[in-house]
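Hello,

Please find the structure below.

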Amino acid sequence: MDELRAWTEATDEAGARAAKLVATAAAIPPAPVDLTAWDVVVARSAAPRHDGRLVFAFAASLAAGIALVVALSPKPTTPTAVDPPVLVASSSARWTQGADGVVSLAAGRLSVERASAAKLTLATPHATIEATRARFLAEVTAGGTTLVVEEGEVVLRAQGQTRTVKAGQTLVWPEAPNIPAPLEARPTAVAAVCEGVGARLDCLKLEAKGDGLAAQAALYELGVAERESGHVADALAAWTTSLSRFPDGVLHPEVRLALLVELTRQRRFAEALAVARGFETACAADPRVADVQALRRSLEGR
Amino acid sequence: MAAASDVSPAEAVRRLYVEHAAELRLGVARLAGKHLDADDLLQEVFMVALRKPQDVLTADSPKAWLYGVAVKVAASRRRTATVRRFFGFDEVGELADPEAPSRTMEQRDASKRVEQVLAKLSDKKREVLVLHELQGLPGEEIAAALQIPLKTVWTRLFHARKDFAAELARLDVIEARTSGLPQERRHG
């Protein structure tokens, strides 16, 4: 836009009236200034002026604003107290609870009787168990940790692996190794003892007290019979006695294998490991030694 | 340019004060509003000049430079006055009139009316209108004072005149409606 024409040349009525009014006001000469006031200007320029009252007012309003914000801001809600889970330990259990709330169960049985929203962490020698809103039972034995979940879900972590156990499920950790099939096969070379006898167990026990091959066969068969009857401890005792009495007997490889398999099934991994190593030493030429070595390697990782 | 090579910067600024103080005091009063202390505003303008003597003394137009400071001081003081009024610190004392006492009645009324209308304009429009129409600054000096292009000066002035005329007409209408009419109705 180029320079405007003088306002007084305005043609419209409103513009002309405004221009006349402004021209009238503009014609007023300024009042003279007291030139001695220059000293005041010099004095004031030496020190910057601050109005303390404004500073105070600003500070007061700032404080009032902060107070208002604090007063009106919602109060942080106090977290509702969460009922801790109720733990019941067996009389033989050895357990402690650290300052961080983690429960350590070294042996025995511990059960959560009341589910809680609070997270429960249970550490055993074999695994770490984490549970929220769950009821479960944990038992620690030499062979591992058994977890029985009654309500909710429980997470078990061990050796970089995670297992989720739901209500009604049971998990034993570490999981039992796979037993090679050749080791479970019943030997056919064992002589039949007390076959067809009504009280076969009594017969076998009587024969076992003897000597020689018949006694070896009777002890082996006695162990098998006891195991099949569900008497695992008696079975293990029969085979242990056989090894003790006839460490180099004709049947000692079969007895060792029977012991190895049953101890593994019973999760008595340390004892099974010892039996496996004994087999490898005493029966190095046995064709099943490779399977025993494989099982032994599995046992060593537990 | 008022500054001479054989005088100190402070003295050169003082000479500017002697030369332009009266006109600047009236100008800054028109910019800020006559309810504010024009003497105080004038002092602030020259305080800035004293702190930056080289700026004002080497400017193409020291007068335009001073008006530029006056515009900023006036705008700042108008804002501050609002805050001060909010906190109840607004001191309305006996203020010296920046206009000559020799003015006529017509001039005094016109001045009051102009101030009323100027108060309704935006800062940018009020500034160019005051500087050009009331203080008589040419467009080039206004552009230098406000640090805007010359064309912007004319554009703002065009719209400022338009708004001023419209606001004046609006005030006239309001006064016509309120002056005397209610009384006539009551007595009628």
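Along its sequence, chain B reads α-α-α-α-α-α-α-α-α. That is nine helices and zero strands, where helices (H or I, at least four residues) and strands (E, at least two) are DSSP runs, numbered from the N terminus.

This is a predicted model, in which local features need pLDDT of at least 70 and side-chain atom pairs count only at pLDDT 80 or more, while totals for chains, interfaces and linings use all residues. Residues are numbered from 1 along each chain as its sequence is written, and chains are lettered from A and ligands numbered from 1 in the order in which they are written.

On confidence: pLDDT is the predictor's confidence in each residue, from 0 to 100. Chain B averages 86, and 88% of its residues score at least 70. Where pLDDT is low, the predicted coordinates should not be read in detail. For the complex, the predictor gives an ipTM of 0.85 and a pTM of 0.48.

Of the 188 residues in chain B, 39% count as buried (20 or more other C-beta atoms within 10 Å of the residue's own; exposed means 12 or fewer, partly exposed in between; C-beta atoms are placed from the backbone). Of the contacts in chain B with a separation of 6 or more, 69% are between residues 24 or more positions apart.

One helix pair in chain B: the axes of H7 (residues 139-146) and H8 (residues 150-178) come within 8 Å and cross at roughly 100°. Axes are lines fitted to C-alpha atoms, for helices over the stretch in contact, with angles from 0 to 180 degrees between N-to-C directions. H7(B) and H8(B) are therefore roughly perpendicular (65 to 115 degrees; under 35 is roughly parallel, over 145 roughly antiparallel, the rest oblique). Gly139(B), Glu140(B), Ile142(B) and Ala143(B) of H7(B) meet Leu150(B), Val153(B) and Trp154(B) of H8(B).

Between the chains, the contact takes 31 residues from chain A and 43 residues from chain B. On the side of chain A that touches chain B, H1(A) gives the largest share, nine residues.

Regards

Definitions and conventions. Two residues are in contact if their C-beta atoms, placed from the backbone, lie within 7 Å.
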